[in-house]
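I opened my notebook for a first look at this chain. Here is what I looked up, entry by entry.

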Amino acid sequence: MNKKFLNDIFQNKNSSIIIKSISALHIVKLHSLFTKKDYKVLSILFKIFYRVIFFIIYFLGNLITKKKKEKKILKKKILVISHIINANHLNAKSDFYYGNLENFFKKMNKSYCKLMINHTKYSSSYLNHKNKHKNSIILDKNLNIRTEIKIFIKKIISVFRLIFLLLEQKLNFKEFFLLVISLFDSATTFTIRINYQIKNYVKKIKPDYCILTHEGYSWERMCINGAKSVNSKIQCIGYQHTPVTDNHQAIFKHMSGDFNPDKIWCSQLNSYKILKRKIYRQLKKNIFFIGSLKKEKINLLGNKNKQTVLVIPEGIYSECENLFKFSLVLAKKYEKLKFIWRVHPVIDFEKVLKNLKLKRTKLPKNIIFSSKKFDEDASKSKYVIYKGSAAVIKSVLMGNYPIYFKSNKENIFDPLKNLFNKKNYVSDDKDFFNLLNKVKSKKYKKELKDNIEFLKKNDFSSPNLRVIKNHLSN
């Protein structure tokens with residue numbers, strides 16, 4: 001994407017909300033998931049056709065179903081935006097992202113309401129019915145038919161705006177098609193819906209503070225805009241909960257208007273340092289290292305098996321496929337090693353296998369599909385193969401030696417890049433087994449031990465409640 005065009009869109013106060021919502025403009029990091037798109041004209045037509053069919057089905061569904069009763073919402077001091085990525089997390093004692101933050105609110109005697117974005121296969125009405133937490137609401141996946149049509153019409157108008165930009169030669173044809181395709185994709189639609197939903201809830205809750213996860217996605221910017229369009233004085237705090245690397249992009253960029261967090265809370269020291277160095281100047285003084293809000297217990301639940309390798313891809317299908325392909329080659333070549341395949345909660349295991357054209361029954365016996373808790377798998381493993389997954393940090397803390405799979409000439413997404421200094425990188429099976437032999441040496445064992453101590457102090461440090469309290473005390 002043309003950097004000048006990106007800058008013009010982000011800094012132009014007159015750019016429409018719909019244009020700024022386009023997911024392709026918000027490149028979270030230099031990963032193929034965010035940088036490679038389909039430019040075929042048929043893709044655009046299919047996406048528009050799909051939306052029309054969606055409206056017809058959705059409209060008919062609204063006619064035959066009873067209007068649901070809305071949950072009564074009271075005024076609260078703090079609004080928290082979280083996510084539900086697995087139905088099993090619904091009634092958990094702590095939040096998947098914010099840990100025990102809600103308990104801290106209670107100790108501070110601060111009222112709060114938590115809105116949860118639904119990433120599960122279940123309907124929000126079903127989850128809300130099962131939800132036992134009084135202060136949380138699962139957001140609907142779709143809005144009312146009138147608003148959905150309004151969004152669709154605004155998208156069509158935005159196509160003409162993009163055509164004007166093309167005619168003015170601010171865009172080339174390739175970029176134009178990319179933006180039109182992205183305009184009609186699910187990520188952009190989701191982002192625009194969030195903007196409408198947050199406006200609606202902020203009007204009802206009237207919070208002074210809004211806390212949301214912060215990685216650089218377009219929905220985060222539109223969430224902030226939705227809140228500030230109702231109350232410009234609301235303090236929006238972004239919680240950086242996953243490792244930030246130099247390959248991240250959107251989180252460093254400033255957008256003209258009410259699209260930027262007022263403060264950023266960093267969970268990890270290294271991410272804090274990178275953000276302080278690369279973030280736009282307006283926010284440099286408002287980035288704070290607060291430590292991890294999640295109370296992690298580093299327990300070794302069993303004896304480590306020297307022949308077991310844990311494989312943990314990030315929540316990206318292409319990464320799952322790359323790591324499973326690589327470990328499958330290793331499993332076939334060296335039968336004495338066992339490989340535990342895990343996937344992020346947002347990933348469908350069966351879809352990954354389908355994409356790889358693999359069947360469970362035809363895989364080697366030393367490939368294990370995990371349905372157990374992470375701690376159980378990490379406790380009995382000796383090594384861990386990874387790319388960008390933040391889970392590798394806890395895995396290392398549990399004594400696993402990290403092995404980063406670097407394929408082709410891709411960018412590095414390694415959360416441990418500054419600790420192991422690429423000594424743990426492998427590109428093929430020969431590299432892998434050479435590294436396994438080196439890991440047995442005293443030098444590598446000492447390095448692992450030293451890095452574990454460093455991670456304990458910097459990535460799993462107790463939260464700085466004093467800073468949090470100070471930020472929420474006005």
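**Entry 1: a helix pair.** I am working with a predicted model. I began with helix α7 (residues 145–167) and helix α8 (residues 173–183), which pack at an angle of about 170° with their axes 10 Å apart. Angles over 145 degrees count as roughly antiparallel, so α7 is roughly antiparallel to α8.

Next I asked myself: which residues of α7 meet α8? I found Lys155, Ser158, Val159, Leu162, Ile163 and Leu166 on the α7 side. Their partners in α8 are Phe173, Phe176, Leu179, Val180 and Leu183. Sorted by class, the contact has nine nonpolar residues, one polar and one charged.

**Entry 2: the whole chain.** I stepped back and noted 19 helices and 13 strands in the protein chain. The chain has 474 residues, and 52% of them count as buried. For the accessible surface I wrote down about 24600 Å², with 53% of it belonging to carbon and sulfur atoms. I also checked contacts between residues at least 6 apart in sequence: 73% of them join residues at least 24 apart.

**Entry 3: the cores.** In soluble globular proteins, nonpolar side chains tend to be buried together. With that in mind, I looked up the largest nonpolar core, and it has 54 residues. Those with the most contacts inside this core are Phe339, Trp341, Ile385, Tyr401, Ile403, Leu416 and Phe432. Which helix gives the most to the core? I noted α12 (residues 317–333), with seven residues.

I then picked Phe339 and listed what it touches, leaving out residues up to four places away in sequence. The list holds Val309, Val311, Ser327, Leu330, Ala331, Asn366, Ile367, Ile368, Ile385 and Phe432. Of these, Ile385 and Phe432 were already in my notes as residues with the most contacts inside the core.

Apart from that core lies another, of 26 residues, and Leu25, Leu143, Phe176 and Tyr196 are among them.

**Entry 4: two lysines with positive phi.** Lys206 is partly exposed, at a relative accessible area of 48%.

Lys422 has phi near 70°. Where does Lys422 lie? I traced it to the loop between α16 (417–420) and β13 (425–426). Lys422 is partly exposed too, with a relative accessible area of 45%.

Technical notes:
Residues numbered from 1 in each chain as written. Predicted model: local features only at pLDDT ≥ 70, side-chain atom pairs only at ≥ 80, totals over all residues. Heavy atoms only, no water. Axes fitted to C-alpha atoms, helices over the stretch in contact; angles between N-to-C directions. Helix = DSSP H or I, 4+ residues; strand = E, 2+ residues; numbered from the N terminus. Parallel < 35°, antiparallel > 145°, perpendicular 65-115°, else oblique. Contact = heavy atoms within 4.5 Å. Nonpolar A, V, L, I, M, F, W, Y, C, P; charged D, E, K, R; others polar. Buried < 20%, exposed > 50% of the residue type's maximum accessible area, 1.4 Å probe, protein only. Areas by Shrake-Rupley, 256 points an atom, 1.4 Å probe, with all protein chains shown as cover. Core = buried A, V, L, I, M, F, W, Y, C linked by side-chain atoms within 4.5 Å.
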